[in-house]
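Open the model in a viewer and keep the selection panel at hand. The stops below are meant to be followed in order.

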Amino acid sequence: MRTNYRVNSGVHFHMLSEDQLEELFWGVLQTLEQTGLEVQHDQARDILKKAGAWVDGLRVRVPSYLVRRSLALAPRSFTLFARDGNPKHNLHIGPGRAHFGPGPTCPNFIDVESLERRPYVKNDVPLVAEVVDALPNIDFCEPLGAVSDVHPALGALYEFSGMFPNTSKPIAAWPHNKFDSAGIHQIAVAEAGSQAAFEQRPTYIYGCEPLSPLVSTFEALDKLIFAAERRVPLIFAPCPTAGGTAPVTPAGIIIQGAAEAWLGLTIAQAIQPGLPFIMGGVFTVMDMDSMSRAYGAPELSLIMAGLTELAHYAGLPMWQTGGCTDSKMLDGQAMIEGSLSCFFSALAGGDLTHAVGYTDSAMTGSVFQLAAMDEAIGYSRRITRGIEVNEDTLAVDVIHHVGPNGHYLREKHTRRHYKTEFWRPNLCDRRNFEEWDAMGRTTMKDRTVARVQDILASHQPSPIKPETQAVIHQVLAEAEERVR
Amino acid sequence: MSTLYEELFTAILEGNNEITPRLVQKGLDEGWVPKDILDHGLVVGMNEVGARFKAGDMYVPEVLMSAEAMQAGLKILRPLLVSSGAQLIGKIVLGTVKGDLHDIGKNLVGMMCEGAGFEVIDLGFNVEPERFVEAIKQHQPQIVGMSALLTTTMRAMAHTIKAIEEAGLRDKVKIMVGGASVDAEFSRRIGADGYGSNAPAGVDLAKRFVGAV
């Protein structure tokens, strides 16, 4: 037992000082109070006005006391639950916990058989969910694409319907509007048993995306109101581009993006005090050559880490981004960009890091990139776990016992610890040259492809209730009818 | 090239939106023909901007400044070009498709097409298929350009092409598409005539469509 002895758990990473964070915080409040946002939703403007915001036509300014109050209401910690009750698949959001998962909306997909790039279709959704369910370092599910072979208004519904039965890990849903939101919610409630049961153990989180700069669009707010009324944990995340739709400097884009998020926060807390609310998004730079958003840029990691620190400073969990690449192939570039951003996310402690598996600047989803990043995340987690210092790990007595010229392989101490102290690679190869040569000279890509194909051939996610399957059929049938 | 044209060339390349209109006015005061000032001053300057961008010697923020300088000069010339019945190299209707509010790229395409000598009718953003059809009927452009940034609004491009087909106007126009979420493959699939990966590429495509290359 020690007195006056501080222990570091895990690795500590700190980019911004308290004073700098306070400056950024003030910059956000200033933007909300003095510039305001364009709020394109009548009911949302009414809610804001009643809560104390200043409404002038479409422009809404939020006084800082109201923002602070809304921040105070939102929880820093909460849990997303596995639909089958498997505690290993529960996702507890809280300080120091960094989780990872794929993202939505890529128009293209790397075919799991041919490895060719082609449009993403509804049959890809269950595949992605199965891979997510099986990978040990992926914690939540998203479709990794936008289905192209159904009516556009039904895409999100088909995506949720394809994911929900094929993984028991929590899902981040990105509906387009109130109608597919209702269908998605119906499915989740059916599995939970009732709305009340769902509220106690929510199994999905709901994503909305306002527009940069400083526009709260009708769609984003209509969806926010839907989710808030039903107590569905909410992500409100813009995708600003530094130098294009946001300031060119990291501090500037962080402030603007946070203002965009906290406008949504204010509405959400007014409707449902205490609603779990996650801020964040995909903040990156505009490549000044191609005008594209650079998903593999170091600035993405830098800005997201800064935003993570601001989010935590303000008491909110963070929707982070990582594991993406601008490369079109599963190659060295994809590994550099993906791994470094995963590692940085792990370091910064962003609560939910999404978009793992995005390639081709988010134009193509790849379960191979996802599986390779699962390895990188495991690797990163080993490092960020840090070094434990105690009587046992100091091993002074073991050192003494083994003495000069001895060895440690036989020691009980070694046997006791090596399985937890040493990370074991699933994909990285450490065999000697001759063995590797004899086993076919496999590359990282070969082994990643084999792992994915193996998961798809053998992994069995836990099933949903038959009643829920019936609800899914019903919801899809009704939705198809409505668009006809 | 005369000194006026050289000065205009430099002003455009430097993106100077104060000197450019002053030089244009100076040219007019000295009796130069508006169409000549456009073709030999502004257009030549913007062509060079496009070439340097392609070579990686200029970047988008600079291209934008040059386009705005050119616009400042064109503002003075436009009414004179119209009243003198000058023939521009073509007419383009541009818009960001329904559901999408992003327009920086489209605006740049518009400015650079004007800089190349086109007449540009910009319908703005969140443009419904019907408005594109109406604009084709009203303005009879050679080219229709559609832009979309979001993967969720790309489909509006297909809907717009369908609407143009149903109005019996598809063979009257060349359709080009662009935007961060669009690629050549998508453009082929929806039946567009071409795709531009950036604004200067869009301008080149437009020029090829009217045979001005």
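Predicted model: local features only at pLDDT ≥ 70, side-chain atom pairs only at ≥ 80, totals over all residues.

**Chain B as a whole**

Along the principal axes, the C-alpha atoms fill a box of roughly 50 × 35 × 30 Å. The radius of gyration of chain B is 17 Å, which agrees with the value near 17 Å for a compact globule of 213 residues. Colour by burial next: 49% of the 213 residues in chain B are buried. Of the contacts in chain B between residues at least 6 apart in sequence, 76% join residues at least 24 apart.

The contact between them takes 15 residues from domain 1 of chain B and 10 residues from domain 2 of chain B. Which helices supply at least two residues each to the side of domain 1 of chain B that touches domain 2 of chain B? Select α3 (34-54) and α4 (60-83) of chain B to see them. The largest share of that side, 8 residues, comes from α3(B). By class, the side of domain 1 of chain B that touches domain 2 of chain B has 10 nonpolar, 2 polar and 3 charged residues.

**The sheet**

Now select the strands of chain B. The 5 strands form an open sheet in the order β2-β1-β3-β4-β5, with parallel pairing. At the edges stand β2 (118-122) and β5 (194-195) of chain B; each has a single partner strand, so one side of each is left without a neighbour in the sheet.

Strand β1 (residues 90-96) of chain B is joined to β2(B) by 5 bridges, and the two run parallel. One pair to pick out is B:Lys91 with its bridge partner B:Glu119 in β2(B). B:Glu119 is on the uncovered face of β2(B) along with B:Ile121, whereas B:Phe118, B:Val120 and B:Asp122 make up the covered face.

Then move to β3 (residues 143-147) and β4 (residues 174-178) of chain B, which pair in the parallel sense over 5 bridges. Here B:Gly145 has B:Met176 in β4(B) as its bridge partner.

**Where chain B meets chain A**

Show both chains. In this contact, 15 residues of chain B meet 14 residues of chain A. On the chain B side, the elements that give two or more residues are α4 and α5 (104-115). The side of chain B that touches chain A has 6 nonpolar, 7 polar and 2 charged residues.

**The largest nonpolar core**

Last, select the largest nonpolar core. Of its 203 residues, A:Leu224 and A:Leu234 touch the most other members. Helix α9 (residues 250-271) of chain A gives the largest share of this core, 12 residues. Domain 1 (3-83) and domain 2 (90-209) of chain B both give residues to the core, so it lies between them.

Notes
Residues numbered from 1 in each chain as written. Chains lettered and ligands numbered in written order. Rg over C-alpha atoms; globule rule 2.2 N^0.38 Å. Buried ≥ 20, exposed ≤ 12 C-beta atoms within 10 Å, placed from the backbone. Contact = placed C-beta atoms within 7 Å. Core = buried A, V, L, I, M, F, W, Y, C linked by C-beta atoms within 7 Å. Helix = DSSP H or I, 4+ residues; strand = E, 2+ residues; numbered from the N terminus. Domains from an automatic or database assignment. Nonpolar A, V, L, I, M, F, W, Y, C, P; charged D, E, K, R; others polar. Pairing = 2+ DSSP bridges.
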